[in-house]
Amino acid sequence: MTRLRVSSISKQYRVRTPTGANTVDILRDVNLTVGENEFVSIVGASGSGKTTLLRIVAGLIEADGGSVEIEGQPVSGPGPERAMVFQSINLLPWRNVLDNVEFGLEMRNIPAGERRERALHFVNLVGLGKHLHAYPHELSGGMQQRVGIARALATDPAILLMDEPFGSLDAQTAEFLWEELSRIVAETRKTVLFVTHHIDEAIYLSDRIVVLGGTPAGVREIIDVDFERPRWTYDVRAKPRFSELRARLREQIFQSSGARQEAEA
Amino acid sequence: MSGTFLRNPWVLRFLSLAFVLSLWQYAGSRMNPIFLSTPTAIFEAGMKVIGSGELPWALLVSLGVVFSGFSLAIIVGVPLGLLMGRSRIAEYLLDPYVNALYVVPRIALIPLIIIWLGLGIPAQIAVVFGTSVFPILISTEAGVKSVSANLIETARSFGAREYDMVRKIILPGSVPFIMSGLRLGIGQAIIGMIVAQMFLGISGMGFMLVNYGNQFATDYVFVVVLALAALGVTLTSAVRQFEKRFSHWRSDAISRAP
């Protein structure tokens, strides 16, 4: 069953130039679907519109054309079927861990008792049971992002949207969190749409990888990742197939010479 | 041994005060008492006005005026600041008045306040309100605009409506700025109170100041000035304590706000 269907999305941005305003095409005719319990990543070179696409799905910005459907229903604007995890994490600094996780539930008018119960469950799930009352500035970046993930999961969305959630963390913490995220997604049986610029991350986590590219960007290729789950029980990256996938993704992402020069500079 | 003793800040403060007071006592007792008075005469005058109940009563009246005017300034200034920070329309509708009133010395409005409210406590409260509302309003507005766009977007992604946004994101996010507005406002409130009581009071500490000044009772004037200094320090540090209590979640909150 299809959880998310993105149909012929297009988006333009207005940019100021010395001679006045101009419009630039960012996305043109983007189509993709995410099935139930599927983990789909969007990759692409910087400026390929990955985050723009995710923000359109989240309802934070409006597309200029096309539609987004969740479980067959067209959506516009943010809604309870989607929850977002941000690269900049964005916890409320004046709230402790539990109260931060309760935020999304407050917006849904869920009674205080049930809120607390659900928040506790998800804080424990992300492994922060010992830090219930800590404030964000007392937590490391990795711990803060766990809170960000718990906050999104607590609202029980039909699809979890993640915008480079580990992009601001150091490499070791990020890799550790790949495993954690795989485990959490498996336990909660969540559907995920995940944006990243990190190829290994995309392969490790995803069932399918969507490569965006071109100007304006469209879907260049969709690659199936067929490693067995759970993937933390063996070394996925030691498999020859992993290198093949990585090479193919690199090829696709850096296809345009401009992106290659920029990446190699 | 004596070196560390002489580096203790309290020892140095005490020595400095003792020196200045002795000098003052020496110089003052060799001059016309109207000009400088002496620490001992001021102490005696102080005991008299405390004993007679005149100073405690004046202090009470003054505190009441500051408290009423300042509370009114918070009740009006914070919501207006939130509104002006949040809504462009409200900002453009209101900022001509706010800017104009902010640059006019509020003391210049005293003749109008006398015409509207007469001489007495309501007029004094109005002056305190007028002097302290602007720092509170302007800091609140700046605080609203300082709230991170990322937090606002996050709240929106979780479906926050305007009411939730203001109550759960904007208001707590502007607390450090609102608090520094209160800190600036309380100083203005005390100035407003004294000026008001000097011009239109028949009670309170401002009136005592004018009254003893007119009688050339220099020692009594000094008593009132010292009492005002104590009042100012107490109120300002009370607001500072309040500020700390609301900013515990951000260790740099106080230094970040203006």
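Residues are numbered from 1 along each chain as its sequence is written, and chains are lettered from A, with ligands numbered from 1, in the order in which they are written. Since the model is predicted, local features need pLDDT of at least 70 and side-chain atom pairs count only at pLDDT 80 or more, whereas totals for chains, interfaces and linings use all residues.

The C-alpha atoms of chain B fill a box of roughly 75 × 65 × 30 Å along the principal axes. The radius of gyration of chain B, taken over C-alpha atoms, is 23 Å, while a compact globule of 258 residues would have a value near 18 Å (the globule rule being 2.2 Å times the number of residues to the power 0.38). Of the 258 residues in chain B, 36% are buried; a residue is buried if 20 or more other C-beta atoms lie within 10 Å of its own, exposed if 12 or fewer, and partly exposed in between, with C-beta atoms placed from the backbone. Among contacts in chain B between residues at least 6 apart in sequence, 73% join residues at least 24 apart, two residues being in contact if their C-beta atoms, placed from the backbone, lie within 7 Å.

One helix pair in chain B can be followed in detail. Helix 3 (residues 39-51) and helix 11 (residues 218-246) of chain B pack at an angle of about 70°, with their axes 8 Å apart; axes are lines fitted to C-alpha atoms, for helices over the stretch in contact, and angles run from 0 to 180 degrees between N-to-C directions. Helix 3 of chain B is therefore roughly perpendicular to helix 11 of chain B (65 to 115 degrees). From helix 3 of chain B, B:A41, B:I42, B:A45, B:G46 and B:V49 meet B:D219, B:Y220, B:F222 and B:V223 in helix 11 of chain B. By class, this contact has seven nonpolar, one polar and one charged residues; Ala, Val, Leu, Ile, Met, Phe, Trp, Tyr, Cys and Pro count as nonpolar, Asp, Glu, Lys and Arg as charged, and the others, Gly among them, as polar.

Turning to chain A, five of the five residues of strand 3 (residues 39-43) are buried, so this strand is largely enclosed by the rest of the structure. A:F39, A:S41 and A:V43 point one way from strand 3 of chain A, and A:V40 and A:I42 the other way. Strand 3 of chain A runs parallel to strand 8 (residues 192-195) of chain A, joined by four bridges, and A:V40 has A:L193 as its bridge partner there. Four bridges also pair strand 3 of chain A with strand 9 (residues 208-213) of chain A in the parallel sense, with A:I42 opposite A:V210. Strands count as paired if DSSP finds at least two bridges between them.

An open sheet of four strands in chain A has the order 2-1-4-5, with antiparallel pairing. Strand 2 (20-35) and strand 5 (73-74) of chain A stand at the edges with a single partner strand each, so one side of each is left without a neighbour in the sheet.

Finally, 14 residues of chain B are in contact with 18 residues of chain A. Helix 8 (149-157) and helix 9 (162-200) of chain B are the elements that give two or more residues to the side of chain B that touches chain A. Helix 8 of chain B gives the most, with six residues.

Notes
Angles under 35 degrees count as roughly parallel, over 145 as roughly antiparallel, 65 to 115 as roughly perpendicular and the rest as oblique.
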